[in-house]
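Please keep the structure open while reading.

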Amino acid sequence: MDIALCKIDLTNRIILYSGAYSSLIKVSFSAENLVNRTIVSYSGIKTPIGIYLNEKEFFNTAIPFQPNDVFYMFSDGYMDQFGGTNGRKFLKKNFKDLLYTISPSSMEKQKELLETTFAAWLTGKYEQIDDILVVGLRLK
(Lines give C-alpha, C1' and ligand atoms only; values in the text may rest on other atoms or scores of the structure.)
Protein backbone atom coordinates (compact mmCIF):
# COMPACT_ATOMS: atom_id res chain seq x y z
CA MET A 1 0.00 0.00 0.00
CA ASP A 2 1.21 3.53 -0.81
CA ILE A 3 0.94 6.36 1.70
CA ALA A 4 2.11 9.90 2.34
CA LEU A 5 2.06 11.46 5.81
CA CYS A 6 2.77 14.98 6.98
CA LYS A 7 3.09 16.60 10.35
CA ILE A 8 2.81 20.39 10.26
CA ASP A 9 4.79 22.38 12.83
CA LEU A 10 3.34 25.89 12.57
CA THR A 11 5.58 27.29 15.31
CA ASN A 12 8.82 26.36 13.52
CA ARG A 13 7.29 26.56 10.02
CA ILE A 14 8.35 23.03 9.09
CA ILE A 15 6.52 20.10 7.57
CA LEU A 16 7.77 16.62 8.40
CA TYR A 17 7.04 14.34 5.46
CA SER A 18 7.35 10.59 5.05
CA GLY A 19 6.08 8.50 2.17
CA ALA A 20 5.87 4.95 0.83
CA TYR A 21 5.83 5.09 -2.99
CA SER A 22 4.35 8.58 -2.64
CA SER A 23 5.73 12.02 -3.28
CA LEU A 24 5.05 15.44 -1.85
CA ILE A 25 5.24 18.49 -4.10
CA LYS A 26 5.94 21.98 -2.78
CA VAL A 27 5.42 25.17 -4.75
CA SER A 28 7.08 28.22 -3.19
CA PHE A 29 6.41 31.82 -4.16
CA SER A 30 8.70 34.82 -4.03
CA ALA A 31 7.94 37.42 -1.37
CA GLU A 32 7.08 39.98 -4.04
CA ASN A 33 4.36 38.15 -6.00
CA LEU A 34 2.72 34.88 -6.99
CA VAL A 35 4.32 34.85 -10.44
CA ASN A 36 7.89 33.95 -9.44
CA ARG A 37 7.76 30.47 -7.99
CA THR A 38 9.72 27.24 -7.68
CA ILE A 39 8.54 23.65 -7.54
CA VAL A 40 10.27 20.85 -5.63
CA SER A 41 9.28 17.19 -5.40
CA TYR A 42 10.13 15.16 -2.30
CA SER A 43 10.13 11.42 -2.87
CA GLY A 44 9.19 8.76 -0.39
CA ILE A 45 10.99 5.45 -0.22
CA LYS A 46 10.31 2.75 -2.79
CA THR A 47 8.73 0.24 -0.46
CA PRO A 48 5.12 -0.36 0.59
CA ILE A 49 3.85 -0.16 4.13
CA GLY A 50 3.08 -3.43 5.89
CA ILE A 51 4.97 -6.71 5.86
CA TYR A 52 7.44 -6.85 2.99
CA LEU A 53 10.40 -9.13 2.32
CA ASN A 54 12.89 -6.33 1.68
CA GLU A 55 11.65 -3.81 4.23
CA LYS A 56 13.41 -0.47 4.37
CA GLU A 57 13.38 1.99 7.23
CA PHE A 58 11.09 4.98 6.79
CA PHE A 59 12.47 8.45 7.39
CA ASN A 60 11.14 11.96 7.85
CA THR A 61 12.11 14.83 5.61
CA ALA A 62 11.97 18.25 7.28
CA ILE A 63 10.71 20.83 4.79
CA PRO A 64 10.68 24.52 5.78
CA PHE A 65 7.84 26.65 4.46
CA GLN A 66 6.97 30.32 4.04
CA PRO A 67 3.57 32.03 3.81
CA ASN A 68 1.64 31.09 0.65
CA ASP A 69 3.66 27.93 -0.06
CA VAL A 70 1.44 25.19 -1.44
CA PHE A 71 1.92 21.48 -0.73
CA TYR A 72 0.35 18.63 -2.71
CA MET A 73 -0.06 14.97 -1.84
CA PHE A 74 -1.73 12.66 -4.33
CA SER A 75 -2.44 9.12 -5.43
CA ASP A 76 -1.15 7.83 -8.77
CA GLY A 77 -4.63 7.81 -10.36
CA TYR A 78 -4.39 11.17 -12.13
CA MET A 79 -0.95 10.42 -13.62
CA ASP A 80 -1.82 6.86 -14.68
CA GLN A 81 -5.01 7.84 -16.51
CA PHE A 82 -5.14 7.08 -20.23
CA GLY A 83 -6.45 9.82 -22.48
CA GLY A 84 -5.50 12.70 -24.72
CA THR A 85 -5.34 12.43 -28.48
CA ASN A 86 -3.06 9.36 -28.45
CA GLY A 87 -4.56 7.38 -25.54
CA ARG A 88 -1.43 7.68 -23.41
CA LYS A 89 -0.97 8.16 -19.67
CA PHE A 90 -1.09 11.69 -18.25
CA LEU A 91 2.33 11.10 -16.57
CA LYS A 92 3.99 12.68 -13.53
CA LYS A 93 5.80 15.40 -15.50
CA ASN A 94 2.51 16.70 -16.91
CA PHE A 95 0.91 16.48 -13.48
CA LYS A 96 3.75 18.51 -11.90
CA ASP A 97 3.49 21.08 -14.70
CA LEU A 98 -0.26 21.33 -14.09
CA LEU A 99 0.22 21.85 -10.33
CA TYR A 100 2.86 24.51 -11.02
CA THR A 101 0.53 26.30 -13.43
CA ILE A 102 -2.53 26.29 -11.16
CA SER A 103 -0.71 26.94 -7.85
CA PRO A 104 -1.26 30.75 -7.77
CA SER A 105 -5.05 30.22 -7.98
CA SER A 106 -7.31 29.87 -4.95
CA MET A 107 -7.68 26.33 -3.67
CA GLU A 108 -11.30 26.27 -4.90
CA LYS A 109 -10.20 27.32 -8.39
CA GLN A 110 -7.40 24.71 -8.34
CA LYS A 111 -9.97 21.98 -7.65
CA GLU A 112 -12.03 23.18 -10.59
CA LEU A 113 -8.97 23.30 -12.88
CA LEU A 114 -7.89 19.78 -11.86
CA GLU A 115 -11.39 18.47 -12.58
CA THR A 116 -11.77 20.20 -15.96
CA THR A 117 -8.27 19.21 -17.08
CA PHE A 118 -8.99 15.60 -16.16
CA ALA A 119 -12.32 15.61 -18.00
CA ALA A 120 -10.66 17.11 -21.07
CA TRP A 121 -7.92 14.44 -20.86
CA LEU A 122 -10.56 11.70 -21.05
CA THR A 123 -11.79 13.29 -24.32
CA GLY A 124 -15.11 11.48 -23.98
CA LYS A 125 -13.44 8.27 -25.22
CA TYR A 126 -11.83 6.92 -22.05
CA GLU A 127 -13.13 5.66 -18.71
CA GLN A 128 -11.50 6.54 -15.39
CA ILE A 129 -9.34 3.54 -14.49
CA ASP A 130 -8.26 4.26 -10.92
CA ASP A 131 -9.17 6.23 -7.83
CA ILE A 132 -7.89 9.80 -7.77
CA LEU A 133 -6.93 11.78 -4.71
CA VAL A 134 -5.23 15.17 -4.77
CA VAL A 135 -4.78 17.06 -1.50
CA GLY A 136 -3.57 20.65 -1.71
CA LEU A 137 -2.70 22.81 1.26
CA ARG A 138 -1.72 26.48 1.19
CA LEU A 139 0.03 27.55 4.39
CA LYS A 140 -0.38 31.14 5.54
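In what order do the three strands form an open sheet, and is the pairing parallel or antiparallel? The order is β1-β2-β5 and the pairing is antiparallel, where strands are DSSP runs (E, at least two residues) numbered from the N terminus and two strands pair if DSSP finds at least two bridges between them. Because β1 (3-9) and β5 (61-64) stand at the edges with a single partner strand each, one side of each is left without a neighbour in the sheet. From one strand to the next the twist averages 25°, taken between N-to-C directions of lines fitted to C-alpha atoms, on a scale from 0 to 180 degrees.

This is a predicted model, in which local features need pLDDT of at least 70 and side-chain atom pairs count only at pLDDT 80 or more, whereas totals for chains, interfaces and linings use all residues. Residues are numbered from 1 along each chain as its sequence is written, and side-chain values use heavy atoms, with hydrogens and water left out.

Strands β2 and β5 pair in the antiparallel sense over four bridges, and Tyr17 stands opposite Thr61 in β5. Both Tyr17 and Thr61 are also among the residues that line the largest cavity, a cavity being a set of points on a 1 Å grid over the protein atoms alone where a 1.4 Å probe fits but cannot get out, with lining residues having an atom within 4 Å of a point.

The largest cavity holds about 30 Å³ of space, the volume being that filled by probe spheres set on points joined across faces, edges and corners. Strand β2 (residues 14-20) gives the largest share of its lining, three residues.

| Class in the lining | Residues |
|---|---|
| Nonpolar | four residues |
| Polar | five residues |

Key
On a 1 Å grid over the protein atoms alone, a cavity is a set of points where a 1.4 Å probe fits but cannot get out, and a pocket is an open set with protein on both sides within 12 Å along at least five of seven lines; lining residues have an atom within 4 Å of a point. Ala, Val, Leu, Ile, Met, Phe, Trp, Tyr, Cys and Pro count as nonpolar, Asp, Glu, Lys and Arg as charged, and the others, Gly among them, as polar.
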